[in-house]
Amino acid sequence: MIVAEKKPIEEVIEMVKDFRKILIAGCNECVTVCEAGGKKEVAILASALSMYFMNQGKKMEIDEVTLERQCDHEYLEEIRNTMDQYDAVLSLACGVGVQFMAETYFSTPVYPGVNTCFMGVTEERGVWTERCQGCGECILGRTAGICPISRCAKRLLNGPCGGSTKGKCEISKDLDCAWQLIIDRLKELDRLDEYEQIAPIKDWSTERAGGPRRVVREDVRQ
Amino acid sequence: MRLRYPDSIRIIRVPCTGKVDVIHILRAFEKGADGVYVVGCLEGDCRFENGNLRARRRVDQARTILNAVGVGGDRVKMFNLSSGEGPRFAEYAVEMTDKIREMGPNPIKRFREKQAA
Amino acid sequence: MSVKTPSRLEKILDSGRLAVTSECGPPRGSDAEVITKKAEMIRDYVDAVNITDNQTSVTRLCSLAACIHLKLMGIEPTLQMVVRDRNRIALQSDILGAASFDIHNILCLSGDHQQFGDCPQGQNVFDIDSMQLIQTVRHMRDEGKFLGGEEIRRPPRMFVGAAANPFADPFEIRVPRLAKKIAAGAEFIQTQCIYNLDKFELWMKQARDRGLHEKVYILAGVTPFKSAGMAKYMKNRVPGMDVPDEVVKRMAGVPKEKQPEEGIAICVETIQRLKACEGVRGFHIMAIEWEEKVPEIVERSGLYPRPEQI
C-alpha cells in the first residue's frame, strides 16, 4: 500500500489559516491502514484545528468527510453537491488523491495533509517499510523475491557493495542490506549459484526517468 | 467509601481505559473542559491485557496535540491505581483539580463565551 | 597474458614483476598544486597513482581533472570512477575525456553513499552499478562501441580494474563476487586495506581454488596507521573494515610519539608477508594525507626501485 505520514500540525495550520470554511477529506484505504489520513485522523485533525483557531479568536468552520478512495472519479463525485460552500479542502489522502481532488474540483484550493512516502508493507502496527519503487519492470523473479531497487540504498543490481556489515546497510544499522537478504533467500531456495549471473544494465525508461507514466488497457476501455 | 473529592469533576465511566480514544479527550477540551484525567488500572493488571497501556499512549498523543494548538498539554494526564484504592482516587482528583486551577481556565473558553455573547 | 593497452601498470604486471600503486586525494578547491605536489613526492616509488573520485561523497576536485594534471607531468594516473554521481551518458563521456588525454587505467567503483559526505540531501544516480561499468568500459574498448550501439571514433584503451573487499559481509560470497567481476571484465583488482592477514589469506586461497588468481591481477591494499586512535576509528566506524584486536593493541602499546613508526612497521610487515602469498601480484598503498611516507614504505618493503619506463 501507499504509506504516508501526517504533516506536522504547524504546517497544516499555516496552509489553511486564512480560510473560513474548510472540508477535511480523509481516505478509507492506504492512509487509513497507516493511520495517517483515515476517519479517525480526520476527526482528530478537525478537533485540533478547531481548538487552535478558537484560541486565536477566529471562527473557522470545519467539516469532515472520509471517502472510500480519492483516486477514483466515482467516489470524488459523492461530494460534488457540497463543494461550493468550502473555501478550501484539506485532503488527507496520499499525493495521488490530493491531485485527483484538485483536478476534479478545479476551482477549489486543495491542500495536502499528509506527506506521501512510499509503497510498502506493515511490518507491525506502527512500523511501515518500503518495498517497491514502481520501476515498471519487475525483476523479483531473479532476486528471490527481494527488490534491490527499492531496498538497496544504492539500487545495485549486482550487489552487495563493500559497505555491507553484519547484514546491515552502511547508511544505517536499522536497514537490512538488501543483498544479504537476497543471498540468504537464494541459499534457502538452493539457488546460490545464480548469484554469479551478472544482472544486465537496467532500462530505466519505464521508471520515473522516462517521464510520467501511463497504463492503457484498450480491451477494457469503454 | 464516600470519600470527598472536588465537585468540579465530572466522572465518565468506561469499562476499560482502553476504550478512551484521542478524539474523546480532544472533544472534551473543544467543548470547554479545563482538564481531563484518565484513571486506569495499574500497569500489568489490566483485565483486558493492555487497554491501560493504549490509553497511556493516547493520552501522550493528546498532550502533544494540545500543546501544538495552544491549549496546554499539562491539562491531560493519566493516573493508574487499583480498584480498591479509594483514597488514592480522591488524592488524584485533588491533585488534578489543584493543578488545573493553577493553570487557569481552558483558553478557548474565552472564544466560546464571546461567540455566545 | 599479453597486454591490451598502453598502460604502464598492465605492462609491469604482465612482465611478472610485483606492481606498486598508491593513491592521492584531490583538494577541496581548485588548487591543482595540492595534488601535483603529492604525486611528485611518490612518482618514482609507484607504477601508477589512483586519484579518488569524491571519496566518502565529499565534493572535491574531480578525479578526471586531477588525472589529467598527473598525465601532463608524465605520471601514470588511474582514474577512479564511482557510479553514484553520473549516469551512463556522463560515465561514457568522462571515459572518452580520459581517453583523449591517453589515461590508460580505470578503477570502477560503486561509491560511498552520499549520506556520509557534504551533500547528504543530494540525489544519487546509480544508473548502472560498478559491475556494469566494468562491462561498459570493456565494451567501449574491445567492441569500440557506445552502450547505445554506435561506433566510437578512437575508442578508449583502458586497463580495467575493480575493487574487492574480502572483509565485508557476507564473507561466503566475497570470492563469488570476485569471480563475477572477472566475468564482467575486470583485469586488475585493488583490495580494501588489509589488517586481518589470516582472513585475507583465506580469501586468496578460495580464489586460487577457483583459478581466479590467474584470470586477474590482484593487488593487496595496505594503509599505515598514523596512531592508535586511527586504528580504533577504522575498526569501529568504517563499514567493511576488519582490524583485529591484536593490531589495535599493538598500536596502543607504544607511546604516542612512536605510534606512526609502529604503523609503518606493521604496514611493511604486511607487505613482506603477502609477497609470499600466491596470487598477490602487487600492492596498493593507501596513505591518504600521509603520502610522504609512501617512499619509505616502498623502500623498506624491498620494492624500490620501480622498473624503468617500460
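## Close-up views of a three-chain model

**View 1. A closed barrel in chain C.** Eight strands of chain C form a closed barrel in the order β1-β2-β3-β4-β5-β6-β7-β8, with parallel pairing. On average, neighbouring strands of this sheet are turned by 30 degrees against each other, direction ignored. Strands pair here if DSSP finds at least two bridges between them; strands themselves are DSSP runs (E, at least two residues), as are helices (H or I, at least four residues), both numbered from the N terminus. Please keep in mind that this is a predicted model: local features need pLDDT of at least 70, side-chain atom pairs count only at pLDDT 80 or more, and totals for chains, interfaces and linings use all residues. Residues are numbered from 1 along each chain as its sequence is written, while chains are lettered from A and ligands numbered from 1 in the order in which they are written.

**View 2. Strand β8(C) and its partners.** All six residues of β8 (residues 280-285) of chain C are buried, meaning that 20 or more other C-beta atoms lie within 10 Å of their own, whereas 12 or fewer would count as exposed and anything in between as partly exposed, with C-beta atoms placed from the backbone. Strand β1 (residues 19-24) of chain C runs parallel to β8(C) and is joined to it by four bridges; look for C:A19 opposite C:G282. Strand β7 (residues 217-222) of chain C is also parallel to β8(C), with five bridges, and here C:A220 stands opposite C:F283.

View 3. Four bridges pair β1(C) with β2(C) in the parallel sense, and C:C24 has C:I51 of β2(C) as its bridge partner. Helix α10 (residues 259-275) of chain C packs on the sheet and touches β7 and β8 of chain C, its direction making about 160 degrees with that of β7(C). Axes are lines fitted to C-alpha atoms, for helices over the stretch in contact, and angles run from 0 to 180 degrees between N-to-C directions.

**View 4. The two sides of helix α2(C).** In α2 (residues 33-42) of chain C, the buried residues are C:I35, C:K38, C:A39 and C:I42. Seen down the helix axis, they fall within an arc of 95 degrees (taken from the directions from the axis to the C-beta atoms), so they line one face of α2(C). Their packing partners are β1, β2 (48-51), α3 (63-72) and α11 of chain C. On the other side of α2(C), C:E33 and C:K37 are exposed.

**View 5. Where chain A meets chain B.** Thirteen residues, written 13, of chain A are in contact with 15 residues of chain B, contact meaning C-beta atoms, placed from the backbone, within 7 Å. On the side of chain A that touches chain B, α3(A) gives the most, with 10 residues. The axes of α3 (residues 39-55) of chain A and α4 (residues 108-116) of chain B come within 7 Å and cross at roughly 75 degrees, so the two helices are roughly perpendicular (65 to 115 degrees). A:M51, A:M54 and A:N55 meet B:I108, B:F111 and B:R112.

**View 6. C:W290 in its loop.** C:W290 is found in the loop between β8 and α11 (294-300) of chain C. With 17 other C-beta atoms within 10 Å, C:W290 is partly exposed. Not counting residues up to four places away in sequence, C:W290 touches C:P224 and C:K226.

Notes. Angles under 35 degrees count as roughly parallel, over 145 as roughly antiparallel, 65 to 115 as roughly perpendicular and the rest as oblique.
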